[in-house]
Amino acid sequence: MTSVFSVQLGAAASTSLFPTVGPAGAAWLRLSWAAVIFTLITRPRPWAMARRDLVDAVLLGVVSAGMTLLFFEAIARIPLATAVACELLGPLAVAVARRSGPSGLAWPALAGAGVLLVTQPWRSSADLVGIGCALAAAICWAAYILLTQRVGDRLTGLAGLAISMPVAALVAAGVAAPQALPRVTAGAVVAAAGMALLLPVLPYALELVALRRLESAAFGTLMSVEPAVALMVGIVVLGQAPQPVQALGVLFVTAAAGGAARTGRRSLPARTISSNADS
């Protein structure tokens, strides 16, 4: 839950960088600072890792970059709560795939209904590019959940993030640097450093820890609370007031999250840990 609030506050704060470096540039700067922070904390030794662990950490970096870039492009076009509700379909897909029986599908179904009420894709005024970016981010989010759990099971501490974040920064640089670099200012770099602690440093670290203790299905459904938090942050920080039907949708996804919170604890897996795990 701390991760959820940190993500939404960080996303709202990021919009202040959009006029200077653009959404992709803001994502790139924040991922770059996250890479520096995790590298300094962990001092990774990728050459000492098992090949499978290294590949998983690199893939996690690629999907983390995609998720951040696409989400920032989405919130530059549509309200924060709408973007989060669309992106939520990724965790819901994980929840549907991993749950068994009708009772396990009830919470994702309720959250899915809430997503429709929040996004209202039938409206002619809907920004299809923004919604498309959020839906593409949803695919990355689903992959992020599965890969984070796998990396967390194989490597102790933050070793996996110390590999994935530099990869994410490099991927983001390939997309954003050519356009954003000429517009980067010292103020934007300093601001991005502080914002990087809110997103992605703190949430990614907390989610890795959480996924060591929760089933991926339960984690995915628990993320249903994100639109409710995004709605509150959008109102307070960004002045984005919802329609009544959207507020009802947020209640649906919040109820789904509460239902999912009652189950889903994992038995901690036996790990096969690379020799870099203690770094």
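Analyst: A disulfide is counted here as a pair of cysteine sulfur atoms within 2.5 Å. This is a predicted model, in which local features need pLDDT of at least 70 and side-chain atom pairs count only at pLDDT 80 or more, while totals for chains, interfaces and linings use all residues. Residues are numbered from 1 along each chain as its sequence is written, and side-chain values use heavy atoms, with hydrogens and water left out. When the whole structure is searched by that cut-off, the number of disulfides found is zero.

User: Is Cys133 buried or exposed?

Analyst: A residue is called buried under 20% relative accessible area, exposed over 50%, and partly exposed in between, with a 1.4 Å probe and protein chains only. Cys86, to take another cysteine, has 4% and is buried. Because Cys133 has a relative accessible area of 15%, it counts as buried.

User: What share of the 279 residues of the chain is buried?

Analyst: Helix α4 gives a local example, since eight of its eight residues are buried and it is therefore largely enclosed by the rest of the structure. Among these residues of α4 are Leu80, Val84, Cys86 and Glu87. For the chain with its 279 residues, the buried share is 55%.

User: Among contacts between residues at least 6 apart in sequence, what percentage joins residues at least 24 apart?

Analyst: A contact means heavy atoms within 4.5 Å. Taking the contacts in the chain between residues at least 6 apart in sequence, the part that joins residues at least 24 apart is 91%.

User: What is the volume of the largest pocket?

Analyst: On a 1 Å grid over the protein atoms alone, a pocket is an open set of points with protein on both sides within 12 Å along at least five of seven lines, a cavity is a set where a 1.4 Å probe fits but cannot get out, and lining residues have an atom within 4 Å of a point. Points are joined across faces, edges and corners, and a volume is the space filled by probe spheres set on them. For the largest pocket, this volume is about 310 Å³.

User: Which elements give two or more residues to the lining of the largest pocket?

Analyst: There are 23 lining residues, and the closest to the centre of the pocket are Pro79, Thr82, Val118, Arg123 and Gln246. The lining holds twelve nonpolar, eight polar and three charged residues, where Ala, Val, Leu, Ile, Met, Phe, Trp, Tyr, Cys and Pro count as nonpolar, Asp, Glu, Lys and Arg as charged, and the others, Gly among them, as polar. The elements that give two or more residues are α4 (80-87), α6 (102-119), α11 (226-238) and α12 (244-260).

User: Which element supplies the largest share of the lining of the second largest pocket?

Analyst: The second largest pocket has a volume of about 190 Å³, and its lining includes Met1, Val4, Leu206, Phe219 and Met223. At least two lining residues come from each of α1 (2-14), α9 (186-211) and α10 (216-222). The largest share, four residues, comes from α9.

User: How much space lies in the largest cavity?

Analyst: The structure holds two cavities of 30 Å³ or more. Of the 14 residues that line the largest cavity, the closest to its centre are Val7, Met67, Glu87, Leu199 and Tyr204, and its lining divides into nine nonpolar, two polar and three charged residues. The space in this largest cavity is about 180 Å³.

User: Which residues does the cis peptide bond join?

Analyst: The second largest cavity, with about 30 Å³ of space, is lined by Arg30, Leu31, Thr68, Phe72, Leu199 and Pro200. Pro200 has its place in helix α9. The cis peptide bond, with omega of about 20°, joins Leu199 and Pro200.

User: Where is Arg43 placed?

Analyst: Phi of Arg43 is near 50°, which is a positive value in a residue other than glycine. Arg43 counts as exposed because its relative accessibility is 61%. Its place is in the loop between α2 and α3.
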